[in-house]
Amino acid sequence: MDLQTMTYLAVGLSFSLYIGIAFWARARTTGDFYVAGKGVHPVANGMATAADWMSAASFISMAGLIAFNGYGASVFLMGWTGGYVLLAMLLAPYLRKFGKFTVPEFIGERYYSRTARIVAVICLILASITYVIGQMKGIGVAFSRFLEVDYNTGLYAGMGVVFIYSVMGGMKGITYTQIAQYVILIFAYTVPAIFISMHLTGVALPQLGLGADMTGSSLSMLDKLDLVVTDLGFKQYTTQVMGSKLNMFVYTLTLMIGTAGLPHVIMRFFTVPKVRDARATAGWALVFIAILYTTAPAVGAMARLNLMETIQTGEVGSPEGNLAYEERPQWFKNWETTGLLKYEDKNADGRIQYYNDKSEAFASKAESFGWKGNEMVKVDRDIMVLANPEIARLPDWVIALDVAGGLAAALTTAAGLLLAIASSISHDLLKGIFAPSISEKNELMAGRIAMAGAIAMAGYFGIHPPDFAAGTVAIAFGLAASSIFPALMMGIFNKKMNRAGATWGMIAGISVTMLYVFQHKGIMFIPGTSYLGDMSANWFFGISPNAFGAIGAAVNFAVAIIVSKMTAPPPDHIQHLVEDIRVPAGAGSATTGH
Amino acid sequence: MSDREAYWKANIRLVAGCLVVWFIVSFGFGIILVEQLNSISLGGYKLGFWFAQQGSIYTFVFLIFFYAWRMNKLDRKFNVHED
């Protein structure tokens with residue numbers, strides 16, 4: 001059986017499994033549609049949360065960014081796990097005690113204001129759509145490789161599948177499906193990593209393999225990698241920073257508080273059976289997430305080493321030291337088809353030179369070798385994870401599994417986010433504010449239409465993504481960090497926070513963040529409309545647009561506190577509500593009623 | 001001071017303690033002090049690099065379970081637990 005057939009088989013089988021489960025547990029009522037029924041054990045719920053959480057950004061994109069940014073990419077590793085600590089300690093138990101369905105519902109009631117609720121819905125939709133755009137990039141990469149077509153065609157195919165998948169399901173279907181998806185996803189991620197770690201270092205556990213010595217040598221894997229990349233003018237892998245240390249600090253903080261402000265994750269904690277379970281669920285979710293996140297650094301480093309050694313086959317500078325283009329391996333050709341990998345023979349020697357032609361220190365050396373510039377003109381970071389098993393020449397079934405896992409990761413999160421968007425529009429805007437008498441059936445229909453609209457919009461931006469999948473997703477985290485997280489946290493920890501403070505805080509926070517992103521990435525991400533250009537020289541203290549959410553959050557907190565001091569404190573019944581959500585006793589189950 | 005206030009105070013103390021550790025392992029060891037720690041090696045890892053890409057994540061997992069365990073004890077002590 002050839003690789004293509006095997007890939008179809010792996011993807012086909014795993015998808016029939018998800019669809020079978022979704023059909024078996026399909027949503028019948030609005031309650032089912034938004035939240036999984038009660039009685040899901042914290043371990044199972046944690047696993048589903050992990051699957052929901054780990055998207056194309058984690059599975060497909062992150063290790064690629066680690067491969068090329070080394071230590072600098074630690075911001076993603078710490079940011080996307082550390083947020084769970086905040087979620088578990090600052091939000092989850094209290095939101096569970098509150099016991100409603102959606103984040104805007106909490107904000108609307110806590111701040112006794114329809115305006116606050118509408119502002120929350122808008123912030124939430126902006127963050128979620130940006131997030132889905134990031135997913136679309138990943139979905140496009142995975143489908144273009146899977147179907148062996150160019151990136152855009154892959155993206156259209158992916159949009160269709162996401163649409164069918166999310167509209168059919170709803171949360172209940174998704175919870176059970178997600179457990180299956182987690183298993184496939186984590187298996188697909190760790191198996192190739194174990195194979196490669198064994199091959200390079202002889203240590204099976206990738207977490208230990210990364211710190212082990214290379215097989216048959218006393219040089220450690222990371223030291224070897226540092227040598228290989230610096231020999232070609234790239235920055236040293238284990239010490240290269242992303243922007244500056246200040247940028248890394250702010251970036252990490254943004255991703256952490258964004259994690260604790262994103263609706264599709266918070267939603268799950270509204271409906272666990274008990275407050276106690278909300279705490280445990282956050283812990284289990286992080287256990288399942290950590291399995292992938294501690295493997296990713298090994299995947300990234302080993303993929304980089306394998307890639308460099310595939311191309312630089314011999315000594316740097318020797319005429320025979322570089323791979324001849326005619327002898328390029330099959331994976332190279334496959335990814336050329338997608339347009340995500342490009343080669344250009346600048347010095348017409350028929351061989352591939354891959355080095356850092358931006359390094360001034362290396363330029364004279366390159367010239368003496370007769371190299372006329374880096375010939376790998378495009379190596380999209382997002383292809384690394386999917387290409388990795390092929391680069392390492394692993395068996396075909398491992399490669400097929402990897403593609404199935406990548407698709408699972410992209411689909412679960414896209415579906416969870418689309419659900420959050422649908423519920424914001426149908427439940428919070430329509431039923432909650434504009435048409436309270438809407439029937440359940442029409443509410444569901446409105447939710448589905450909203451999903452379709454969101455997919456079309458995300459697909460449009462997926463064709464011209466503002467950044468790599470993980471970078472785009474980081475912007476979504478910035479938006480959530482600067483708007484939702486401060487409002488939720490002050491709603492619980494500051495009894496005196498009132499509606500004017502929270503509302504103006506959210507508006508100020510998200511505006512500052514969005515303006516900063518737009519001025520560097522283009523208005524609504526449309527290329528060419530960025531009025532300051534995507535240039536690091538114009539960055540505020542060298543902080544990149546992707547990392548700016550934490551600054552927006554600080555603005556949010558400051559504005560909210562100042563405004564609340566100048567306006568009337570919240571009424572007594574609201575202060576009692578806050579006192580009540582602080583203690584677990586008397587938690588009922590989640591209800592739709594008011 | 002009522003029981004509920006005392007419970008809330010104890011809760012804040014616990015959360016604050018946990019967040020100090022959270023900050024030290026990630027922002028402290030992983031970013032601010034990374035160069036200093038990198039001069040120490042842990043197997044083939046530089047220690048600062050290890051905290052940034054491995055150690056902080058393990059600590060986060062431990063922190064959440066520690067917090068959940070201590071909170072469950074507090075819930076019982078102040079008699080605000082469910083059921």
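The largest nonpolar core comprises 221 residues, and those with the most contacts inside it are A:Ala120, A:Leu185 and A:Leu418. Such a core is a set of buried Ala, Val, Leu, Ile, Met, Phe, Trp, Tyr and Cys residues joined through C-beta atoms within 7 Å; a residue is buried if 20 or more other C-beta atoms, placed from the backbone, lie within 10 Å of its own. The model is predicted, so that local features need pLDDT of at least 70 and side-chain atom pairs count only at pLDDT 80 or more, whereas totals for chains, interfaces and linings use all residues. Residues are numbered from 1 along each chain as its sequence is written, with chains lettered from A and ligands numbered from 1 in the order in which they are written.

When residues up to four places away in sequence are not counted, A:Leu418 touches A:Val132, A:Ser166, A:Met451, A:Ala454 and A:Ile455, a contact being a pair of C-beta atoms, placed from the backbone, within 7 Å. In chain A, 59% of the 594 residues count as buried. Of the contacts in chain A with a separation of 6 or more, 81% are accounted for by residues 24 or more positions apart.

Chain A contains 23 helices and 2 strands, assigned as DSSP runs (helices H or I, at least four residues; strands E, at least two) and numbered from the N terminus.

The contact between the chains takes 42 residues from chain A and 34 residues from chain B. On the side of chain A that touches chain B, two or more residues each come from helices H5 (74-98), H11 (221-231), H12 (245-259) and H14 (275-311) of chain A. H14(A) gives the most to this side, with 12 residues.

Definitions and conventions: Buried ≥ 20, exposed ≤ 12 C-beta atoms within 10 Å, placed from the backbone. Contact = placed C-beta atoms within 7 Å.
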